[in-house]
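Me: I would like to learn how to read a metal site and a helix pair in a model. Please take me through them.

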Amino acid sequence: MSPVSFAFSLRATDGHARLGQVQTAHGTFDTPAFMPVGTQGTVKALLHRDVESVGAGIILGNTYHLMLRPGDALIGRHGGLHRFIGWSHPILTDSGGYQVFSLASRRRIREDGAEFQSHIDGSTHLLTPERAVDIQARLGSDIAMVLDECLAYPATHDAAASSMQRSARWARRCRDRFLADATVDENRGPVTNPGQAQFGIIQGGLFPDLRAESVDRTREVGFEGYAIGGLSVGEPIDEMYATVEATAGRLPPEQPRYLMGAGSPEDLVECVARGIDMFDCVMPTRNARNGQLFTSEGRLNIRNARYAEDERPLDPRCDCYTCTRHSRAYLRHLYMAGETSALTLNTLHNLSFYLDTMRRIRDAIALRTFEIFRQEFLRLRSVS
Ligand SMILES: [Zn+2]
C-alpha cells in the first residue's frame, strides 16, 4: 500500500489570514496550527495523552538532540520516531541547524556543512545538508526541514547576503538528496519516511531585497512547503512583522507557510493576519516551567506573593484541566514547594491556551470575523 501523500488544501481566507488543512502519512491537521516542541521525543513535563487532550495536531522533534541521543540509527531500527516515541499523529523535524549554530564557539561553518562538538560528550560531528536529510529520513518525520545557515542578529547586508546564498545552495543539495532513490545507497541505513514532505527555508535577515531573492531561489528548487527562518532572534517586533508580511506575500498561495520559532500569543495572531499557517515555539512550555503563564488577559507569574491566597483559576476563560480543577493559590504552593506536578499543570495550561487560541483563530477565519477577533484579543491583553 502506498503511503498517503502530503497535501495542503486552502479552505477559506479572511484578509491575508488562511484556513487550511495539511494531509500527511500520519493524519491531518488544521491550519493555522501551533506545533508544541517535543525536543527529545517528548513535550517536556507532559505525557503524549496530555498533548493530545489539549488538541495538538502535530508536534516538533529536534534533529540535533535526537541524532546525538539516542541516535537516528537506533530510532530507525525501532521503526522511526512515531513508533519509537508512541505518537501516531504528524511530526515535523527541524534540520538540526539552529541548535548547531547556537553552539557558538563549539562549531565551525564550512561550505560542505557545519562541524560541531556535541554538548553531551564533546565528540565531533559534521552536519552536511545531505546528512540532515538522511537523519530525518531515518527519524521518519512527516515534514522534514532543509539545513540552512542561521544568521545571528544584527547582521550587515553583506553577511546576510552570503549567508542567504549559502542557504540557497544547501537547499538545492538537500532537495537532490531528498529526491534521490534511497535504495541505491546502502550507507543511508534504514529509512522510515514514506510520504515525507520537505520544506525549504527563506533567509535574508531583515533585508527585503535578500528575502525576495531567497524566495525566488528557494521556489526555484521547489518544495512541498516553505518556512520563514531567521526571525524571532531579537529584532524589533515591527521589523519582524514587516519581514513576515513581505515574505509571505511572495510565497505560493497553494502551499503551507511556516514561521519558525515564533512566538508569543500576540505573534501568532499578528502573523496569521500576515498569511502564516504554521508556528512552533518553546515559549509556552519553557515559560510554564519557569512559572510564567499566559492568560486571555496577559501574562502572570505564579511565584508572585499576590497569588498566595488567590482562589481564582489561572484564567477564568480557560477550560483546561488545570483551570477547571485548581486555584492560583494551590498552583503557587506547588511551584514554591518544587513539586513536579507544578511543571505539568503549568505546561498543560500554557499549551491549552496556545492551542485554544489557534482554534479560535481558525473559527474566526471560517466565519470571516478574524479582524474582530484580532482586535478583541489584543484589547483584552493590553488592559491587564
Ligand atoms: Zn487553563
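The dialogue below covers a metal site and then a pair of helices.

Reply: This is a predicted model, where local features need pLDDT of at least 70, side-chain atom pairs count only at pLDDT 80 or more, and totals for chains, interfaces and linings use all residues. Residues are numbered from 1 along each chain as its sequence is written, and side-chain values use heavy atoms, with hydrogens and water left out.

Me: Which atoms coordinate the zinc ion?

Reply: Donors are N, O and S atoms within 2.8 Å of the metal (3.2 Å for Na, K and Ca); water is not among the atoms, so sites may look incomplete. Here the SG atoms of Cys318, Cys320 and Cys323 and ND1 of His349 coordinate the zinc ion at 2.1 to 2.3 Å. The donor residues follow the spacing C-x1-C-x2-C-x25-H.

Me: What is the geometry of the site of the zinc ion?

Reply: Ideal angles are 109.5 degrees for four tetrahedral donors. Four donors count as tetrahedral if all angles lie between 85 and 135 degrees. The angles among the four donor atoms of the zinc ion are 97 to 118°, and the site is tetrahedral.

Me: Is His349 buried or exposed?

Reply: Buried means under 20% relative accessible area, exposed over 50%, partly exposed in between (1.4 Å probe, protein chains only). His349 has 0% relative accessibility, so the residue counts as buried. Cys318 counts as buried because its relative accessibility is 14%.

Me: How are helices α10 and α14 oriented to each other?

Reply: Two packed helices are described by the angle and the distance between their axes. Helices (H or I, at least four residues) are DSSP runs, numbered from the N terminus. Axes are lines fitted to C-alpha atoms, for helices over the stretch in contact, and angles run from 0 to 180 degrees between N-to-C directions. The axes of α10 (residues 265–272) and α14 come within 11 Å and cross at roughly 20°. Angles under 35 degrees count as roughly parallel, and α10 and α14 are therefore roughly parallel to each other.

Note on methods:
Tetrahedral: all angles 85-135°; square planar, octahedral: opposite > 155°, others 65-115°. Helix = DSSP H or I, 4+ residues; strand = E, 2+ residues; numbered from the N terminus. Parallel < 35°, antiparallel > 145°, perpendicular 65-115°, else oblique.
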